[in-house]
Amino acid sequence: MLIPVLFGVSIVIFIALRVIPGDVAATILGTDATPETLAQLRKNFGLDLPIYEQYLQWIGGVLTGDFGESMRTGKEVLPDILDRFAITFELTILAAIISWIIAIPMGILAGIKRNSKTDFSVRVISLLGVSVPNFALATVLILVLSLSFSYSPPVGYVGFWEDPIRNLQILFLPALVMGTSMAGAVMRMTRSSILEILRQDFIRTIRAKGAKEKIVIFDHALKNAMIPILTIIGLQVGVLLGGTVIIEQIFSLPGLGQLVLTGINQRDFTVVQGAVLFIAFVFVLINLLVDLLYSYLDPRITYK
Amino acid sequence: MSSVLDIKNLSIDFASKKKTYNIVKEFNLRIDKRMKYGIVGESGSGKSLTSLAIMNLLPEVLNISEGSITMQTKEKIDLTKLSPKEMRKVRGKDIAMIFQEPMTALDPLYTIEHQLVEVLRIHTKSSKKEMSDLGLEMLKKVGISRPAETLKSYPHQLSGGMRQRVMIAMALICKPKLLIADEPTTALDVTIQAQILDLMNDLSEEHDTSILLITHDLGVIAETCDRVAVMYAGQIVEETTVKQLFTNPSHPYTKGLLESIKSLGDKERDLYSIPGNVPTPFNYQEMGCRFASRCPHAMSICKTEPAMYQIEGDHKSKCWLHAEEVNLNDEQYLRVGSQ
Amino acid sequence: MKAFMQSLKNDKVGFIGFIGILLVVIVAILAPVIAPHSPSEIFNEHILQGPNAQFLFGTDELGRDIFSRVVFGAQVSLQVSLTAVGIGAIGGLVLGLISGYFQGKIDQIIMRVMDVFFAFPDILLALTIIAVLGPSLTNTMIAIGIVFIPVFTRLVRSAVMSVKENEYLTSAVAVGVHPLKIIAKHVTPNIMAPFIVQVTLALSGAILTEAALSFLGLGVQPPDPSWGVMLNASRAYMEFAPWTILFPVTAIVMTILCFNLLGDSLRDLLDPKLKS
């Protein structure tokens, strides 16, 4: 399942990039290039070969861990992807954690106290969360912070292992923006799953046993609600991975999204196809992980 | 004999934003020790709500507006006056409950052992080993063939009958004084039904547990119970021993019910059903006798609500026909709705 | 339909959403009437002016009237979202019908391709398609439309399959009615509810994606007045001229919010499971 999908992704992205009008040679050499120099450069990149041969060469390399070299810088693509992925991944994880911390307790509370004031406020907050795009939130947040604290997004990125505190300082705001954007959807899902589960017969059975509400909610309702919540989390991680394209742009973070964006602008095929394939790989992997978690949580599901 | 449960004058209301509707009215019932008491009625008659009221598990929109539910534990306590915490101590320990749907009444994510032992963990301080052993013993008692294996399995791996056996084991594991069984066999195959009823009977006798059995099926009542209350539209209309009910049914509704069963068994006859429909709680208020609109004996006085009249011994019927002062020649007793 | 409108009216939240969308639609249609200036008209003497009587929402860095640009931006947003959702819904309908009706090999192929598209995060897929087609208004619509195809395909396919499994289909075929006729007759009512809900959600998704792509400079191209474009262009000046981003942001958020409000109540209204 996983492997055919990734092969599909690699073919789609590879062909798509070859269809783009204008190629790397033209972008590098500019408008005054002669046809001869263009052809020479294309040949260097292997762009003169039939497309299927180009693909086979590339995918053969990918399978052995060689993603090729950047057509602009000549640097190897894979180490660059991994470096930048570290940033994107850290950002995604931080954002996910922030959103869970906000969303899951609030969603549970709203579900338990249906139609209360808490429920109402949670529903309003989550609706706003779903309706405010992260780039809008980020822009407004930066504006407000800069007006009231003369804040400006930090320039230059520092890796986690170099200076963890500085690193977290840099990533906190973008992660917060992405986390709160995502929290809305998770909150709604949590609330509606809890509501759904609390209606089930077995909850009545457990209450009839004399169980405290704590047991009813945490041992039974929440565990059962985790399954749909996990689904939305799996999907959201994909949204986050995509969303970093924008957030990295706003906060000038040298992540994978920025790599793709500049790659597209510069027609740097090897970089773009490598990065996109990598992102798809991570996305599919996370969904696989979610599937595995299902079968761990739910005895009715066995993973094939 | 001392009573285990004594419900007096119980009323249950449904409160919407605009108006309050009465759903169950003036419900009286007394269950003695080791008694098997049945409540029979069509769906919507309020019989299940009454059982949930005893457990204090009514849905939020419903509440007990009047009456008392007295339970004899160590002392006499009124369940309607208990705090949530005190009520939790009663649930599962003094009163246990079995529900209709064995397919959905168990949490799909936990093993049978966990759910069986959960009751013990809530109410006793036994060690893990003791609880587990007791669970195994209970599964043996309810006739599960491979108890040790079943203990480790999940609900979806068991058949409906097996699950209902597990539910019974779960209900009786704390040796409750009262077992409420709400349509315990309705969702099961006919062949399994009798087995489950027998099992419930035997075990409750062994544990000295009284039973309150709620069903729409008079056959189940005949097989299991000593006393029976017939419910119609939120009220008890007839209350007597099971024997009396079948030999000398008095209320026109009970007669109608029995008639429809008899016609089922008799191929020579057309299927009999009581004409008309069950009224909804929204128009209870204006009615006198709630059965009058479907009653073959309806009279003008039926626009006024009848009381519970004693027929003989402790056989009671809520029908003007059994009022002592009735003179059937009087004008107000003219039959209006004869069929 | 009448009963439907009635119940929508009773649901205050959904009704607010509905009115809000109606308002955006009216503003978009009447943009030339409502807007006092052309969205691209430059007032050299009035660069980065705050809101005032002449320029209701102030002016941007080139001296263009922000109010007029926000009004015309509604046009762009609706145009993009309607077209994109149209492409996605029709594409999904065709593929889903084929997939669900014929099943077997064709179904396998279509669904595997959809899986591949699902493996791309939405924005990334849209970005890639834009990169191929080149950034422009039309290509933004196409790119977003393609992103929506898989969702609609799955929706239609599962509805068709569930109808196919029904016994009345077998019996109708036995009587000699063409199966496609039956599918058309029975799939439509079965699918209407989830389809409408999905369309509403997709519309808000499309507005969001358009704004995001334009924000990145890969969607609608300046000087076309897209809210996303306005947001991006004004970021450099926002500290001195907050109004330059405040109004487009409000427009984006309000519009998406209204679609979500309506989508939510439609879901509650049309989902028979939640009715009781």
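Visitor: What radius of gyration does chain B have, and what would a compact globule have?
Guide: In this predicted model, chain B has a radius of gyration of 21 Å, which agrees with the value near 20 Å that a compact globule of 339 residues would have.

Visitor: And what box do its C-alpha atoms fill?
Guide: Taken along the principal axes, the C-alpha atoms of chain B fill a box of roughly 75 × 50 × 40 Å, and buried residues account for 43% of the 339 residues in the chain.

Visitor: How many helices and strands are in there?
Guide: Chain B contains 10 helices and 12 strands. Of the contacts in chain B between residues at least 6 apart in sequence, 64% join residues at least 24 apart.

Visitor: Which strands of chain B pair with strand 1?
Guide: Strand 1 (residues 3-15) pairs with strand 2 (residues 20-32) of chain B in the antiparallel sense over 9 bridges, and the two form a hairpin with 4 residues between them. Strand 1 is also joined to strand 4 (residues 62-72) of chain B, again antiparallel, by 8 bridges.

Visitor: Switching topic, how many residues do chain C and chain A bring to their contact?
Guide: The contact takes 32 residues from chain C and 37 residues from chain A. On the chain C side, helix 5 (104-118), helix 6 (122-133), helix 9 (179-215) and helix 11 (243-270) each supply at least two residues.

Visitor: What's that side of chain C made of, by class?
Guide: The side of chain C that touches chain A has 24 nonpolar, 3 polar and 5 charged residues.

Notes:
Residues numbered from 1 in each chain as written. Chains lettered and ligands numbered in written order. Predicted model: local features only at pLDDT ≥ 70, side-chain atom pairs only at ≥ 80, totals over all residues. Pairing = 2+ DSSP bridges. Contact = placed C-beta atoms within 7 Å. Nonpolar A, V, L, I, M, F, W, Y, C, P; charged D, E, K, R; others polar. Rg over C-alpha atoms; globule rule 2.2 N^0.38 Å. Buried ≥ 20, exposed ≤ 12 C-beta atoms within 10 Å, placed from the backbone.
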